[in-house]
Amino acid sequence: MPNGIAYLALLLWPLACVAMFRTLPLQRAIVWSLLGGYLLLPPRTDIDLPLVPDFNKTTIPNLCALALCILIARRRVQIWPKHRVMQALLVLFVFGTIATVLTNREPLIFSSIRDAGPIHIVDAQLPGLRLLDMLSILSEQMIVLIPFILGRAFLSSESGLREMLLALFIGGLLYSVPALFEVRLSPQLNTWIYGFFQHDFQQMMRGSGFRPLVFLPHALWLAFFMMSAAVSAAALARTAERGLRARYLAALLYLFCVLVLCKSLAPMLYALTLVPLLLFSGVKLQIRLAVLLGAAATLYPMLRDYQLVPTGLLLDWAEAINPDRAQSLGFRFGNEERILERANEKWLFGWGGWGRNLVRNPETGEIATIPDGEWIIAFSTYGWVGYVSMMGLLGGPLFLLWRAMRKLEVSRYAAALAMLLAITMVDMLINAILTPFTWLTAGALLGYCEAQRKASEPARAPPPKRLRPVL
């Protein structure tokens, strides 16, 4: 259970954000208020208030960043995208949840028959969604989109994109210190500071050592963040002057060593793929690959539903690498199949929250499945409407960036962030790793595409002045 320090950290984070917005440039303040909250605030700690989303390490930084852009920076926040498809996806993401509530008003009832003594029936149930819950769900969706909106409005320039990569790079260097501490002495920092351990400790043991997680929900999250920092170092090294390039490359080597010590296979494979691409390939190849990865991730549920994903082949590959990883992957596939079967019962708008989307024991109501991938959580909770709108908002900027590169020269910073966004979408198939920084990246890339499109349009001549007759 979280201690007082955990709740105090949540309550004090708005003051830290105020200090950043008063002392740092706007772009840097936005990035670090979101990224800093993600890295430092306690996980699985909520301030629960009625009829509104829980206040936690995601919602508090999001709300603070938006409020301070308006109150301190005195900037107007533009919400509405210029592309009509992106407008439609944004509307569906927020207001499609109304249909989810309206189609899930009925409670889910479970009955358990027992034979001890006289036979009796014990009923358990999950409540249906109320009309009052609509307010909470709508506000939750809006809060989730805040980084997307801020990224589009304020981080779409060349300097904004570089600021995001630089934050990942510096954050990785700083976070490597507590990460190495936990590699050596076991993951204990969250327990010592916030009073609880945020996951299953056995999953943090790999081989003869430990996997660090510091203040993140799982060791996979930390490994993915270290991969992102290493990829950012490669992107910054590619564009740096000769004097700084060697330093970035040395930091890249160091970050990769830390990533290896995190003992997570998928992030290491991502780094081994992305880093050489960013160091040696052109921008067009990087963007094409990002679009392909984003498209594959978006189409995965459809392919999975029609049994077109070669799960047997993937398990054989994983078995050849590590039997334990093959067992873990097989467990994920099995859970996916059972949850997907249930999700298809309400395929359009989903089952809603409160665990209604999970497969449960029909007698006791106990949870019988564990959803791991972000895609299956979104699909089973909000149906195809929620899934398509979420993946469309994330992947749409990749497609627009690909269209823009056919006419204009695209920034290497944009290409690097596109690769990170695409690989995040791929990882969302196996992990629930969608973070505020992912939304920030998607919004920044969308704003960059809109700015590039505007710059490429020919300037319109002012209308000719009407001459008045001289009397």
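**Salt bridges and cysteines**

User: What do the side chains of Asp133 and Arg130 meet in?

Analyst: Asp133 and Arg130 meet in a salt bridge, with 3.1 Å from N to O; the term stands for a side-chain nitrogen of Lys or Arg within 4 Å of a carboxyl oxygen of Asp or Glu. This is a predicted model, in which local features need pLDDT of at least 70 and side-chain atom pairs count only at pLDDT 80 or more, while totals for chains, interfaces and linings use all residues. Residues are numbered from 1 along each chain as its sequence is written, and side-chain values use heavy atoms, with hydrogens and water left out.

User: Is Asp133 buried or exposed? And what about Arg130?

Analyst: Asp133 is buried, at 7% relative accessible area, whereas Arg130, at 43%, is partly exposed. Buried here means under 20% relative accessible area, exposed means over 50%, and partly exposed lies in between, using a 1.4 Å probe and protein chains only.

User: How many salt bridges are there in the whole structure?

Analyst: A search of the whole structure gives 7 salt bridges. One of them joins Arg356 to Glu106, with the closest N and O atoms 3.4 Å apart. That pair links distant parts of the chain, 250 residues apart: Arg356 sits in the loop between α14 (323-343) and α15 (374-405), and Glu106 in the loop between α4 (84-102) and β1 (108-114). Helices (H or I, at least four residues) and strands (E, at least two) are DSSP runs numbered from the N terminus.

User: How accessible is Arg356? And Glu106?

Analyst: Arg356 has a relative accessible area of 0% and is buried, while Glu106 is partly exposed at 34%. Both residues also belong to a network of salt bridges that includes Lys346.

User: Which residue does Glu337 bridge to?

Analyst: Glu337 forms a salt bridge with Arg304, and the closest N and O atoms are 3.8 Å apart. Here, too, distant parts of the chain are linked, with Glu337 in helix α14 and Arg304 in helix α12 (residues 283-305), 33 residues apart. Glu337 is partly exposed at 40%, but Arg304 is buried at 2%.

User: Switching topic, how many disulfides does the structure hold?

Analyst: The structure holds 0 disulfides, a disulfide being a pair of cysteine sulfur atoms within 2.5 Å.
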